[in-house]
Amino acid sequence: NCFVPISEIIAVEETELNKKQRNIGKWQKMAKLHAFIVYYVKKARNHRWRCSDVTFWCVDEHLCNQWIQALKELLEMQKSRPKQLLVYINPYGGKRQGKRIYEQKVAPLFSLASISTDVVVTEHANHAKDNLFEVNIYKYDGVVCVGGDGMFSEVMHGLIGRIQKDSGIDQNNPKASLVQCNIRIGIIPAGSTDCICYSTVGISDPVTSALHIIVGDCQPLDVSSVHHNNTFLKYSVSLLGYGFYGDILKDSEKKRWMGPMRYDYSGFKTFLSHHYYEGTIAYQPAKNTLGSPRDKDSCRTGCYICKKSEQQLAEQHKECGLKHEEGEEEWKVIKGKFLAINAVNMSCACPRSPKGLSPAAHLADGSADLILVRKCSRFDFLRYLVRHTNQDDQFDFPFVDVYRVKSFQFTSKLSEDNESNVMDIGKKRFGQFCRDHPACCCNIVNSTWNCDGETLDSSAIEVRVHCQLMKLFARGIEEDCKDEAAYRRGSAEQLL
């Protein structure tokens, strides 16, 4: 027996039995059979979803039509399901397979589920972002991006930016309360890196993501805004990395011809260089958020910590509308020499690092995990990196600190110095020698911020987390189940 909730049925279609089906057992004696197919979500291991089907038949045509009509009416009652989608395809990302993946694996499923689509194949950088400021986005139930994390970032910036523009919100104001974006974004993974898809669904698989869109899943997501001198720079939903991860990105951008292998090469090169950077971090702790970065409570489907934050957010909007109450909480300041400064809004899990940079980070709790890796030996830093691939506590080192924050600021040592000083002018013009390796003439002064796989020009930034600013067609990572029966917990609407 297979138990399928209505919420996981994809479509119902009338069909005719083929000759092979008609000649099975007692049915061959029947004069005429009437049948219909139910297409539904079949869940496999490792969070993979597939479209499966089962055929029902009987001799009573009226009864058959009644079943078809009843099932279609129940599907119509699923109001969260999209009817019309705007789709952006990046044909150049990853292995240049985006268009083929959409046409062969995704479009047939959307058609089966009676979802109409307007498809735009992007022709240049920021094509999707610019287009979202021009089209009537309110006639769509969602926006789907086919590509990697860069494509998602482009669509996210276009959609959030359009909502703020229409609402009269100045994005350049770091203290502005941004308007929540209720138009969901769907991600069809087809890039070099699909970290966001992996962290919100549990797998980078186009069919699985398409089925999450079809059934109308909804996962709120925190978004961090990044500013410099009251100027908006970027939005971030996964990683803000300075030092190690910033240097990797900066070096890998020069080697795009290598494909995904460039990250391995640049990572090894950056590890050997072992640069550290001086600066000051000031942060506001997320005091009202449940849990901590070092607990074992991972964010999963129906996460109670994220739901609690959603309730708190609703109460705040009810009490004071969209007016943001800037907390009077004190800022905590840390100065030091850092190999890496990372701020993550989600675990940043990927196939190579199943736990991610912060295993207990939550998707929608209104906070980010700020990870500071101080200057240490190469061997100690290697020990820290290796722990991202196993089950050991990666924060259990004396040179690693982690804090759950709602906002933070970073200023590099160079920015703090008096720029009118002759020595500083010399530093800006000629750089400065690496203090650990005077003979190598590294010319390193500042690192680069890695913002969801894109570089930021400024090293001095101000970051603020906006609780559940946007929504995805996802449901978070589901708990692994040992058997199919446990996996398919029924509901009052179980029919099959």
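This is a predicted model: local features need pLDDT of at least 70, side-chain atom pairs count only at pLDDT 80 or more; totals for chains, interfaces and linings use all residues.

Me: Which residues of helix 9 are buried?

Reply: Arg262, Ser266, Gly267, Thr270 and Phe271. They cover an arc of only 155 degrees around the axis, so they sit on the same side of helix 9.

Me: Why would residues three or four places apart point the same way?

Reply: Because an α-helix has 3.6 residues a turn.

Me: And what exposed residues are on the face turned away from the buried side of helix 9?

Reply: Met261 and Phe268.

Me: How far apart are the end C-alpha atoms of helix 9?

Reply: They are 19 Å apart. At 1.5 Å a residue, the 13 residues (261-273) should span 18 Å, so the two agree.

Me: What comes just after helix 9?

Reply: His274, with a positive phi of about 55 degrees.

Me: Switching topic. Where is Ser347?

Reply: In the loop between strand 12 (332-344) and strand 13 (368-374).

Me: Is Ser347 buried or exposed?

Reply: Buried. Its relative accessibility is 12%, and the cut-off for buried is under 20%.

Me: What does Ser347 touch?

Reply: Leaving out residues up to four places away in sequence, Ser347 touches Ser199, Lys355, Gly356, Leu357, Ser358, Pro359 and Ala361.

Me: Which backbone nitrogen lies 3.3 Å from a polar atom of the Ser347 side chain?

Reply: That of Ala349.

Key. Residues are numbered from 1 along each chain as its sequence is written. Side-chain values use heavy atoms; hydrogens and water are left out. Helices (H or I, at least four residues) and strands (E, at least two) are DSSP runs, numbered from the N terminus. The expected span of a helix is 1.5 Å times one less than its number of residues. Buried means under 20% relative accessible area, exposed over 50%, partly exposed in between (1.4 Å probe, protein chains only). The arc is that of the directions from the helix axis to the C-beta atoms. A polar contact is a pair of N or O atoms within 3.5 Å; within protein, one must be able to donate a hydrogen and the other to accept it, and residues adjacent in sequence count only if both atoms are side-chain atoms. Contact means heavy atoms within 4.5 Å.
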